[in-house]
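Trainee: I'd like to learn how to read a fold from its strands, helices and salt bridges. Could you take me through this one?

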Amino acid sequence: MLRADGATADTTDGTASMSDGNARDLVRVVAWNVRAGGGRRVDGIASQLEAWGADVAVLLEARRTEAGLRLASMVAEAGLAQQRASVTPRASTNGVLVASRWPLRAVGVRGERPDAARWVLVRVAAPRPFAVGGMHVPNRVTGLKWPFHASVLGLARGWRGGPALFAGDTNSGRIELDEERAAFNAREDRWMTDLERAGWADAFRHAHGAAQEFTWYSPNGRNGFRLDQAFVHRSLLPRMVGVRHAWGGWDGSVSMRREVLSDHAAVIVELDLGG
């Protein structure tokens with residue numbers, strides 16, 4: 001669990017479940033940017049994760065604020081008690097939290113690794129184990145985006161860790177396909193296609209082809225972009241049975257805002273780990 005001292009710990013024996021995962025082989029991995037640690041929305045965020053039946057949650061913009069710690073605690077109480085979080089220097093700094101109903105073990109990386117504050121790589125001790133890399137790619141303005149891209153791509157190309165997926169807010173997308181208005185450049189587009197060539201399928205594109213769906217809308221122009229993705233390694237891809245985007249707390253009614261719980265939609269990947 002995420003602790004106030006900034007450390008992480010695995011808590012409970014992992015038998016509690018946020019869904020009926022013990023009675024089925026379907027495993028749901030939910031990657032979701034919860035926006036600035038969740039703030040006053042943490043109750044709704046925790047309830048939404050439970051409603052989605054999350055077995056593994058990758059939460060971006062997790063924070064060690066009072067609200068962020070409360071969110072980690074509520075998620076743990078609901079069954080995702082095995083938790084690992086990225087190291088952040090200040091409580092108000094965004095990090096990555098991976099929470100699971102099965103034990104988690106940190107995975108070491110040889111060579112250059114992504115920024116530790118924006119990256120968590122763990123092995124999930126599910127009945128059929130797999131690895132999860134949670135990532136929050138920096139914006140261009142930080143000057144850190146291209147080194148982060150390069151380190152993730154290097155890790156992807158050299159991956160020998162078996163079934164795995166990388167998921168999170170990449171602040172990247174394919175030109176035209178993932179944008180309502182021109183925003184992505186050739187480097188971002190190439191990063192996406194290079195991951196594909198390295199054996200990591202963009203889960204949404206693999207399942208839905210050229211369909212356009214957006215996971216974030218610009219606050220001023222209200223233009224849509226698909227900034228949130230899951231990349232599934234070729235060894236796990238045959239077990240992917242579904243992927244979708246979902247807006248927390250939004251029931252499709254025109255009377256409700258998409259952004260009621262976060263300004264990002266979640267990416268939900270379903271895996272059949274039975275047999």
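Trainee: Let me start with a detail: which residue in S2 does Asn 33 stand opposite?

Mentor: Leu 60 in S2. Before going on, note that this is a predicted model, where local features need pLDDT of at least 70, side-chain atom pairs count only at pLDDT 80 or more, and totals for chains, interfaces and linings use all residues. Residues are numbered from 1 along each chain as its sequence is written, and side-chain values use heavy atoms, with hydrogens and water left out.

Trainee: How do strands and pairs get defined, and what do S1 and S2 do?

Mentor: Strands (E, at least two residues) and helices (H or I, at least four) are DSSP runs numbered from the N terminus. Two strands pair if DSSP finds at least two bridges between them. Here strand S1 (residues 26–33) and strand S2 (residues 56–62) are parallel partners, with five bridges.

Trainee: What is the strand order of the sheet that holds them?

Mentor: The order is S3-S4-S2-S1-S14-S13, an open sheet of six strands with mixed pairing. Strand S3 (82–85) and S13 are at the edges with a single partner strand each, so one side of each has no neighbour in the sheet. From one strand to the next, the twist averages 15°.

Trainee: Which helices pack on that sheet?

Mentor: Read contact as heavy atoms within 4.5 Å. Axes are lines fitted to C-alpha atoms, for helices over the stretch in contact, and angles run from 0 to 180 degrees between N-to-C directions. Helix H1 (residues 42–52) touches S1, S2, S13 and S14, and its direction makes about 150° with that of S1. Helix H2 (residues 66–77) touches S2, S3 and strand S4 (95–100), at about 155° to the direction of S3.

Trainee: Back to S13: is it largely enclosed or open?

Mentor: Buried means under 20% relative accessible area, exposed over 50%, and partly exposed in between (1.4 Å probe, protein chains only). Five of the seven residues of S13 are buried, so the rest of the structure largely encloses it. S13 runs antiparallel to S14, joined by six bridges, and Arg 244 has Ile 268 in S14 as its bridge partner.

Trainee: What about the other sheet: what is its order?

Mentor: Also an open sheet of six strands with mixed pairing, ordered S5-S6-S7-S8-S12-S9. Its edges are strand S5 (104–106) and strand S9 (200–202); each has a single partner strand, so one side of each lacks a neighbour in the sheet. The twist here averages 25° from one strand to the next. Inside it, strand S7 (residues 130–136) and strand S8 (residues 164–169) pair in the parallel sense over six bridges, and His 136 has Asp 169 in S8 as bridge partner.

Trainee: And which helices lie on this one?

Mentor: Helix H3 (residues 145–157) lies across strand S6 (119–124), S7, S8 and S9, running at about 20° to S6. Helix H4 (residues 186–197) touches S7, S9 and strand S12 (228–233), and its direction makes about 130° with that of S9.

Trainee: How many salt bridges does a search of the whole structure find?

Mentor: A salt bridge is a side-chain nitrogen of Lys or Arg within 4 Å of a carboxyl oxygen of Asp or Glu. The search finds 13. One of them joins Asp 194 and Arg 157 (3.8 Å, N to O). Asp 194 lies in helix H4 and Arg 157 in helix H3, so this pair ties together parts 37 residues apart in sequence. Asp 194 is buried at 14% relative accessible area, while Arg 157 is exposed at 53%.

Trainee: Where do Asp 178 and Arg 205 lie in the chain?

Mentor: Asp 178 and Arg 205 meet in a salt bridge (2.5 Å, N to O). Asp 178 is in the loop between S8 and H4, and Arg 205 is in helix H5 (residues 203–208), 27 residues apart. Asp 178 is buried, with a relative accessible area of 0%, and Arg 205 is buried at 13%.
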